[in-house]
Amino acid sequence: DGRDAAMELGQWLQDNAMLPELVICSTATRTRETLAALPPNLPTQLAARAYLASAGELFALLQEIDDAVRHVMLIGHN
C-alpha cells in the first residue's frame with residue numbers, strides 16, 4: 001500500500017544519500033502521513049496552497065525557495 005511505499009522510498013533515499021534539503025508538504029492528512037513515513041528531522045515546510053494545486057501553482061511555490069537549496073521534495077495531493 002501507499003504507506004509501505006513511502007517507508008521504502010524514505011529508506012532508499014537515506015541508503016543512497018539522497019535526502020532532500022527541504023520537504024514542502026501539502027497540509028492534506030494523507031500527505032502528512034506520507035511525510036511521517038520518511039526519515040525524521042528533514043527540514044519541512046507545510047504549504048496549504050500545495051493542496052489541489054495546479055502544476056503552475058506548484059512550480060511557483062518551488063520558485064520561491066532560496067537558491068541555496070538544491071534538493072527539494074514536494075509532497076502534494078492530487
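Buried means under 20% relative accessible area, exposed over 50%, and partly exposed in between (1.4 Å probe, protein chains only). This is a predicted model, in which local features need pLDDT of at least 70 and side-chain atom pairs count only at pLDDT 80 or more, while totals for chains, interfaces and linings use all residues. Residues are numbered from 1 along each chain as its sequence is written, and side-chain values use heavy atoms, with hydrogens and water left out.

**Glutamate 64 and arginine 49**

Select glutamate 64, which is exposed with a relative accessible area of 53%. Glutamate 64 lies in the loop between α3 (55-63) and β3, and arginine 49 in the loop between β2 and α3, so the pair ties together parts that are 15 residues apart in sequence. Helices (H or I, at least four residues) and strands (E, at least two) are DSSP runs, numbered from the N terminus.

**Helix α2**

The count of salt bridges comes to two. Glutamate 33 is partly exposed at 31%, as is arginine 30 at 32%.

Next select Thr31, Thr34 and Leu35, the buried residues of α2. Seen down the helix axis, they fall within an arc of 100°, so they line one face of the helix; the arc is that of the directions from the axis to the C-beta atoms. These buried residues pack against α1, β1, β2 (44-47) and β3 (72-75). The face turned away from them carries the exposed residues Thr29 and Ala36.

Move to serine 26 in strand β1 (residues 22-26). Serine 26 is buried, at 0% relative accessibility. Contact means heavy atoms within 4.5 Å; not counting residues up to four places away in sequence, serine 26 touches residues including Thr31, Leu46 and Ile75. A polar atom of its side chain lies 3.1 Å from the backbone nitrogen of alanine 28.

Alanine 28 is in the loop between β1 and α2 (29-36) and is buried at 8%. With residues up to four places away in sequence left out, alanine 28 touches Tyr51 and His77.

**Tryptophan 12**

Finish at tryptophan 12 in helix α1 (residues 2-15), partly exposed at 45%. Alanine 28 and tryptophan 12 are 24 Å apart in space, C-alpha to C-alpha.

Notes:
Polar contact = N/O pair within 3.5 Å; in protein donor to acceptor, adjacent residues only side chain to side chain. Salt bridge = Lys/Arg side-chain N within 4 Å of Asp/Glu carboxyl O.
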